[in-house]
Amino acid sequence: VTMSNVVEGPWLKARPPCLFHYMRLRTEEQLDSFERLLLGDEIYACSLLDLNPIFDVRTLEYNPWHADPASGPGQRTTARQAAGGADCSKAAGDRFAHLGVVCFSEHQNSVAVWRNQGDRQRAACLRFATAAADRAESPLLPVHYAQDASVLGRILGPDLARTTRSVLTKPPAMREEAEWRWLLPGRAGTYMKINPLLIDGVVLGPLMPDGLRARVSQIASRRRAPTALYQARVDPNSLQVAVVSNA
């Protein structure tokens with residue numbers, strides 16, 4: 001059974017024409033990563049350690065991909081330390097220890113997504129034209145929002161389901177994210193070359209500082225591939241997000 005099979009069953013969902021990859025731009029390192037993506041066509045695939053909390057909020061079971069911020073980068077709390085018991089998660093954790101993940105949202109105009117993924121409206125999001133991803137080695141897969149992932153067992157079998165549920169299942173309360181994930185085996189913590197035509201636009205956050213906006217705009221203007229620039233704004237009365245052309 002391969003990862004691509006996960007798209008069957010409850011994951012059967014039409015892929016939207018565009019997906020949005022949010023990037024924080026508070027540090028020089030984050031800006032370097034942004035520039036590397038736009039000008040070098042290299043995207044960073046994070047690991048599951050970067051994404052998931054110490055306990056699975058659905059089951060309160062220890063999450064083998066939890067990263068303890070106090071331990072420094074690349075280190076994780078063991079199940080024995082977290083739960084005071086035997087490290088029963090090692091086999092599950094090892095299965096996807098090197099799985100790279102790139103996260104996207106269906107939304108560029110959601111207040112909640114800009115608040116959470118968009119660094120409280122200060123970040124940028126890149127618009128990915130999903131048609132250009134058709135030839136990618138790994139598929140773009142939708143996240144399933146459910147209270148539990150028992151349905152995974154009917155699709156993948158119980159063994160693989162146990163190690164997959166934290167990858168493509170999230171609690172229903174997070175449904176507004178409308179998240180998709182690009183799963184890249186063996187690429188955790190690495191940069192990967194992409195088709196430059198995947199990115200066709202950059203959306204600037206509503207509260208992005210002026211100096212940062214100028215720097216991001218300058219980087220976008222140097223792209224070889226056609227790249228439109230957009231500005232997200234929040235209506236003070238309705239609190240709705242509107243994305244308008246920045247030209």
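This is a predicted model: local features need pLDDT of at least 70, side-chain atom pairs count only at pLDDT 80 or more; totals for chains, interfaces and linings use all residues.
1. In what follows, contact means heavy atoms within 4.5 Å.

2. The residues of helix 8 that are buried are Leu212, Arg213, Val216, Ser217, Ile219 and Ala220. Viewed down the helix axis, the buried residues of helix 8 lie within an arc of 160°, so they line one face of the helix. Asp210, Gly211 and Ser221 are exposed on the other side of helix 8. The geometry of the helix is consistent as well: twelve residues at 1.5 Å each should span 16 Å, and the end C-alpha atoms of helix 8 are 16 Å apart, which agrees.

3. As to overall confidence, the chain has an average pLDDT of 76, with 66% of the residues scoring at least 70. Residues 1–9 have pLDDT below 50, and in the model this stretch makes 20 contacts beyond near neighbours in sequence. A further stretch, residues 54–89, also stays under 50 in pLDDT, and the model gives it 69 contacts beyond four places in sequence. The contacts of both stretches should be read together with these scores.

4. The chain contains eight helices and twelve strands. Of its 247 residues, 45% are buried. Contacts between residues at least 6 apart in sequence join, in 76% of cases, residues at least 24 apart.

5. The largest nonpolar core comprises 30 residues, and those with the most contacts inside it are Leu25, Phe34, Leu126, Trp182, Ile194 and Val202. At least two residues of this core come from each of several elements: strand 1 (18–23), helix 1 (28–40), strand 2 (42–47), strand 3 (100–105), strand 4 (124–129), strand 8 (179–184), strand 10 (199–204) and helix 8 (210–221).

6. Which residues is Val202 in contact with, leaving aside its neighbours within four places in sequence? They are Phe34, Leu38, Ala124, Cys125, Leu126, Val216, Ala220, Thr227, Ala228, Leu229 and Tyr230.

7. Asp119 lies in the loop between helix 5 (111–116) and strand 4. Is Asp119 buried or exposed? With a relative accessible area of 4%, Asp119 is buried, the cut-off for that class being under 20%. The side chain of Asp119 forms a polar contact of 2.9 Å with that of Arg24. Not counting residues up to four places away in sequence, Asp119 touches Arg24, Arg26 and Trp114.

8. The loop between strand 8 and strand 9 (190–193) holds Gly189, which is partly exposed at 42% relative accessibility. Leaving aside neighbours within four places in sequence, Gly189 is in contact with Tyr44, Ala45, Cys46 and Ser47. Gly189 and Leu48 are 141 residues apart along the chain, and their C-alpha atoms are separated by 9.6 Å.

9. Pro172 is placed in the loop between strand 7 (169–170) and strand 8. Its relative accessible area is 29%, so Pro172 counts as partly exposed. How far apart in space are Pro172 and Tyr145, C-alpha to C-alpha? The distance is 4.8 Å, for a pair 27 residues apart in sequence.

Technical notes: Residues are numbered from 1 along each chain as its sequence is written. Side-chain values use heavy atoms; hydrogens and water are left out. A nonpolar core is a set of buried Ala, Val, Leu, Ile, Met, Phe, Trp, Tyr and Cys residues joined through side-chain atoms within 4.5 Å. Buried means under 20% relative accessible area, exposed over 50%, partly exposed in between (1.4 Å probe, protein chains only). Helices (H or I, at least four residues) and strands (E, at least two) are DSSP runs, numbered from the N terminus. pLDDT is the predictor's confidence in each residue, from 0 to 100. The expected span of a helix is 1.5 Å times one less than its number of residues. The arc is that of the directions from the helix axis to the C-beta atoms. A polar contact is a pair of N or O atoms within 3.5 Å; within protein, one must be able to donate a hydrogen and the other to accept it, and residues adjacent in sequence count only if both atoms are side-chain atoms.
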